[in-house]
Structure formats: C-alpha cells, structure tokens
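Work through the exercises below with the model open beside you. Try each task before reading its solution.

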Amino acid sequence: MNTTVNTTEPTLSTRMDGFEAPATIAMSMRARALAAQGKDVISLALGQPDFLTPRAACDTAYEAALEGKTKYPPIDGVLSLKQAVQKKFKEENGLDYALDEIMVANGAKQILFNAFMATLNPGDEVVVPAPYWTSYPIMTRFLGGTPVDVICSEENNFSLKAADLRKVLTDKSKWLIINSPSNPTGAVWSKQDLLEIAEVLREYPQVWVFADEIYEHLVFDGEAHYSLAALAPDLKDRILTANGASKTYAMPGWRVGYAGGPKRLIKAMVKIQSNSTSGASSISQAAATAALHDCANDVEEMKKAYDRRRKMMKEAFSKMPGVTCAVPQGAFYVYPGIKGCLGKTSAGGHKIENDQDFAEALLEEQYVAVVPGHAFGLSPYLRISYAADDAVLEEACKRIAKFVEQLT
Ligand SMILES: Cc1ncc(COP(=O)(O)O)c(C=O)c1O
C-alpha cells in the first residue's frame, strides 16, 4: 500500500487562471457591501428589469406545480414552449424553424455556453464587436477559444461596419457575435449594416453567427429590429438565433432562454445539456410559455416606462459638462462618454485618469454604482442601466451631475 501522504492542497483547474466574475457583478457586489454598512446606495450596475414578472406567467407556474408538472422535462425543452417559440420566430422574426431546430436552456447564457462548448477548438477565434456583453469574451476564453475584438465606435452609433469586420476575419474565425439591440450601448444596428455584414460573411463560409436578440422587444423611436437569419436566408444554416424570457418579460430569475438554429448544431447543444443541467426548470418553462402567449400587453407597458426613462437619462447626461451621450435606441442602457472628465480631480480628492477611476470615485463619494466601459471593451465610457424606478433614476442623475460638476 502506498503510505506517502500528499501534503499539497487539492487544486483548481488551470482553466480558472485569470477567470473572473463579470465586472457588472463585481460592481454590484461592492454596492451591496456599502449598502450593508448603512450607505444609501443606488445601483445601476446590473442589467435586469425592475418590474415584476407578469401575473399570467406566475399563475401558470403555480398551476403547473400543482398539476404535477414537476418531473424531469425533456432536455431540449417542453413541447408547448418549443411550439410557442416556433410561433414567435415565425410571426415576429419571419423565421421558420422545425421543432428539432429549436431548444430551450437555463437562460440565453446557457445557450451561449452550449453553443461554444459544442463548437470551439483551441485556437478558434470568436469575433466580438466591442463594446460587448462581458460573457462573450469570458466564455470564449473559458472554452479554449480566442476572443478577437472589433471596435464599434460612437461615431458609427456603436454599430459594426462591414469594412471593420473584414479586417478581423481570418481562416481561424469560428464565430461572429451579433447583439442588436446591444448591451451595453443600447445601439440598434440598421438593416443596411446587417446586410453589409452578411455580404462579408458570405466570403467566410466556416463562420457561425451567434445572433443574440434578447433585447429585440426594447426598440424605440419607431426603429425596427431585424433578425440576420431573415435578412440573409442563405446564411440561416450557420446562424444561431438566441433569445430568452429574462429581459422582455421581466423574468431573469426564472432562467429560460431559447434558440433556433441548424439541426446539427442544436443536436450537439442538446447533447451537452443532457450531460450538464438536464434542461430548464419545468415550472419556469410553463411560465415562459404563458409569457410568450399572453403577455404582449405587459411588454408594451414596460416598454413605455423604459422609453420615458431613456429620454430622462439622455437629457440629464447631455447637460453634464465633459459628458457625451448618444441617444440609445434599444435595450435599457445608456453608454455616456466621459472623455471630458479625464485628468480632473473629484471633490473627494480622487484623480480621474480613466473610467474605472470615475466609477470607483462615484460609488465612494455619491453612492451610485455604474460599470466602467473598460469592462465592455471600450473606454472611456460608463454603462448605466435605467431598468430602475423613475424616482431612483432621477436621484441617481442628480448625484452623478453633482459629482461631475464638482470635478476640478
Ligand atoms: C446581451 C445579453 N445576452 C444574454 C444575456 C443573458 O440572459 P439570460 O438571463 O437569458 O441568461 C444577457 C443578460 O444580461 C445579455 O445582456
């Protein structure tokens, strides 16, 4: 018998080296810690609706639990939800997906995880338009791929230009991420931009496209949302159209996401899910089915509130000296630029050299939590979520204005 005692500690995988929690979560944890010390903190750092889940969805979940819909659900999703998703894709997006081209997962985040897990090999590149939702590059690295940023500048309304895309595509490119309306900027990419992107993609037949349409219902000013797979049907076989209940129906805690895509990709993703989570909660899937069928009016009401707040934020930020703020046309974020504030010192004596300094000083001195743009790959900006009560937003804007006006 080997009696050698191994004195080293059990280790974590090398995959965890440099693997951080998203900056959005880190910032809200700091805000929470300050609030626990009794400070009057306003957190605009997290991207989640402040509304309650619509009543019809909650009632359906309750009934589902009582009716015994509490067994393991089918791995790829409950049939009634898949049918509701199929109908939604057809009616709202002009996309025809067979049922075996649709799957449900624990949030759109798990759709992304499944998709990357099913496709990425070491060295594969994922083209991530910046500024980006932090999980795209983090998940890419986690699964052995290499994220490649391509900047979507404020001058281009934070939209991806075909010429810039062409510069970063190589024979190693495996995925292109498209996220319109965008987190963090609220940008809605135009039909023309998407058509030109499709044109470039035709030159790179090995590239999958992850079209993250989770904010599609939050589009303002009469703008329209376009699904790439509908605009470029010849590319549909390599586009994964991802979506979910979290943002549209104020259901982030229910953890329901879904996607439509080519059968062989969906099949591989379901295989991964069968060996990881076994699918989304059966109760949540019942709630999401009701949301898709019956909650369009609730969505309209929420949208009106977001639109009102969006205008309020835009107005408040455009009055602040040294701050620029493009009019966001979608989602529930503003992404003001703070170039004019750099090199200054705050009332509390903090030197503001970059957006991280700004966000930290703002939290410490005015107790408002926002996320610095560097977390999303484009500085110097701040991402501010306006998915919060009007009065809270008004107070937050007052505090931010005070902070900016006192910079010297
Ligand atoms: C662009 C984008 N995609 C996906 C998600 C994840 O959504 P879910 O709650 O469905 O996992 C988020 C959440 O912040 C997001 O902003």
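**Exercise 1. Find what the side chain of D355 holds on to.**

Step 1. Start with the backbone. The nitrogen of Y381 lies 3.1 Å from a polar atom of the D355 side chain.

Step 2. Turn to side chains. D355 and S379 are joined by a polar contact of 2.8 Å. A polar contact is a pair of N or O atoms within 3.5 Å; within protein, one must be able to donate a hydrogen and the other to accept it, and residues adjacent in sequence count only if both atoms are side-chain atoms.

Step 3. Note the ground rules. This is a predicted model, where local features need pLDDT of at least 70 and side-chain atom pairs count only at pLDDT 80 or more, while totals for chains, interfaces and linings use all residues. Residues are numbered from 1 along each chain as its sequence is written, and side-chain values use heavy atoms, with hydrogens and water left out.

**Exercise 2. Which residues cover the two faces of strand β2?**

Step 1. Strand β2 spans residues 102-105. I102 and V104 are on one side, M103 and A105 on the other, and all are buried.

Step 2. β2 pairs with strand β8 (residues 257-260) in the antiparallel sense, over four bridges. Two strands pair if DSSP finds at least two bridges between them.

Step 3. M103 has A259 of β8 as its bridge partner.

**Exercise 3. Describe the aromatic pairs.**

Step 1. The count is 16 aromatic pairs. Rings of Phe, Tyr and Trp (its six-membered ring) pair if their centres lie within 6.5 Å; planes under 30 degrees apart count as stacked, over 60 as edge-to-face and the rest as tilted.

Step 2. F116 and W175 have ring centres 5.7 Å apart and planes at 55°, so this pair is tilted.

Step 3. F116 lies in helix α4 and W175 in strand β5, so the pair ties together parts 59 residues apart in sequence.

Methods. Buried < 20%, exposed > 50% of the residue type's maximum accessible area, 1.4 Å probe, protein only.
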